[in-house]
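My notes are below, in the order I looked things up.

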Amino acid sequence: MLLQIALRKKASAVTALVTAAAIALLPMPAAHAQAKGPPILRDTETEQLLREYTRPILRAAGLEKQNIQMVIINDGSFNAFVADGRRIFVNYGAIMQSETPNQIIGVLAHETGHLAGGHLSKLREQLANAQTQMIIAMLLGAGAIAVGSTRGSNNAGNNGLANAGAAAIAGPQEMIRRTLLSYQRQQEENADRAGVKFLTATQQSPKGMYETFKRFTSESLFASRGADPYLQSHPMPAERVASLQEFASSSPYWDKKDDPALQLRHDMARAKISAFMERPETVYRRYPQTNDSMPARYARAISTYLHGDLRSALAQIDALIQVQPNNPYFYEVRGQALLEGGRPAEAIPALRKAVQLSNNAPLIEMLLGQALVGSDNKAYTDDAVRILRAAVAREPEAALGYMQLAMAYGRKGDYAEADLASAQAAYLRGDNKTARELATRAKTRFAVGTPGWVKADDIVAAKPPRN
């Protein structure tokens, strides 16, 4: 199930500072778009694969117990980053453009290097120091400008003093900018080395990291020609890749290949993303009928149901299930196709099987709950409430689960819980006004001091995140 969800703006002090630094280097339209918060994609199959990719690396980095989460960003460009010390963000484009598991694993190892090195907290210190310097510089510059303006704007000497004040602001700004960028370049180099170290410790090849960075060196070579190396937030590409090759090629696992079974799972995830995120003609060019591989068949089956031919899609999905009868994601796609095709009751058996085979994956449980609620069979109501409560307990930031839970409680006639679940869903969507209104009504339905009343009161009292 590939879902698009708006990412709430819960910027911590670190995130806010890093974002501020990034915005200073972006053109205004891009900065404005970033401020809205990027949408994220949720998919159990892809997230599970990314977790398996990162688990040994996090263990080698001593971060296994830090509960680092993988977040997939709805962006087709190749990028990955860390922003708050507990999540690694990966564009779906990075997965799509990584032809082997080792290539995306290398990128994840690099990002883990940032986490292990504490680069975010160190950058916050650098930014705080820069802020102090900036304030002093601006005060001195503003003082000179004020003196110049109070002595009369027609006086050439006074204009010169005012210009000197402006220079006093601009000069330190440029110096501070260069200092920060130099610090970030050093972080990138350190993260490269740490990534190679983690890959070697887990007996994985660093070649994928090198291949990825080399590819981007070729693509950015023209753009970087003539650029000032001290104004780059990352090291100059050719220098960085040459340095990476020098210490990565010495790894005893340099020529180690990915396991074929892992390669297949990687290709299946890429096929799924392509089917959901790309136009059908693009999907069929990428996976033509002459391609009889499992990933190609998977992509075509999903694209077929998404674009209206449910009967053909179900036949294709059933053929996949015959080949891999214990693949939970084939049953998940079958259930989702039926559910979105307006046949929720028929989706229930496939989704129950998907939940069972996926070890009760909460996102798939939410899909099952949606089918149970949508079936209009009141006999399923208690089952829907039980399943959805279990799902939101493990995925407390998924608005979909609370929306379906609200509908299930409404069907039971439990309007207090229905209002509370609706308020929680609205809050997670960022609709704070609606959330407070629903939570206020929920408080009148619960006895004072009960768990439901306390949760509703928390939503009413919650302050919306600052923009």
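**Ground rules.** I'm working from a predicted model, where local features need pLDDT of at least 70, side-chain atom pairs count only at pLDDT 80 or more, and totals for chains, interfaces and linings use all residues. Residue numbers start from 1 along each chain as its sequence is written, and side-chain values use heavy atoms, with hydrogens and water left out.

**α10 and α12.** I took helices from DSSP runs (H or I, at least four residues; strands are E, at least two), numbered from the N terminus. Helix α10 covers residues 260-277 and helix α12 covers residues 294-306; I get an angle of about 20° and axes 8 Å apart. That makes the pair roughly parallel; the label applies under 35 degrees, with over 145 being roughly antiparallel, 65 to 115 roughly perpendicular and the rest oblique. The axes are lines fitted to C-alpha atoms over the stretch in contact, with angles from 0 to 180 degrees between N-to-C directions. I noted the crossing as right-handed, i.e. the near helix is turned clockwise from the far one by less than a right angle, anticlockwise being left-handed.

For contacts I used heavy atoms within 4.5 Å. On the α10 side I found L264, D267, M268, A271, K272, A275 and F276, meeting residues of α12 that include M294, Y298, I302 and L306. The contact splits into 12 nonpolar, 1 polar and 2 charged residues. Here Ala, Val, Leu, Ile, Met, Phe, Trp, Tyr, Cys and Pro are nonpolar, Asp, Glu, Lys and Arg are charged, and the others, Gly among them, are polar.

**α10 and α14.** Next I checked α10 against helix α14 (residues 328-340): the axes come within 13 Å and cross at roughly 15°. M268, K272 and F276 of α10 meet Y329, F330, E332, V333 and Q336 of α14. I count 5 nonpolar, 1 polar and 2 charged residues there.

**α16 and α17.** Helix α16 (residues 362-374) and α17 have axes that come within 9 Å and cross at roughly 155°, so α16 is roughly antiparallel to α17. Their crossing is left-handed. Among the residues that meet are L368, L372 and V373 in α16 and I387, L388 and A391 in α17.

**Second largest pocket.** Which residues lie closest to its centre? A pocket here is an open set of points on a 1 Å grid where a 1.4 Å probe fits, with protein on both sides within 12 Å along at least five of seven lines; lining residues have an atom within 4 Å of a point. I read off about 240 Å³ of space. Of 13 lining residues, R389, E417, L420, Q424 and K455 are closest to the centre. α19 gives the largest share, 4 residues.

Methods. Points joined across faces, edges and corners; volume = space filled by probe spheres on them.
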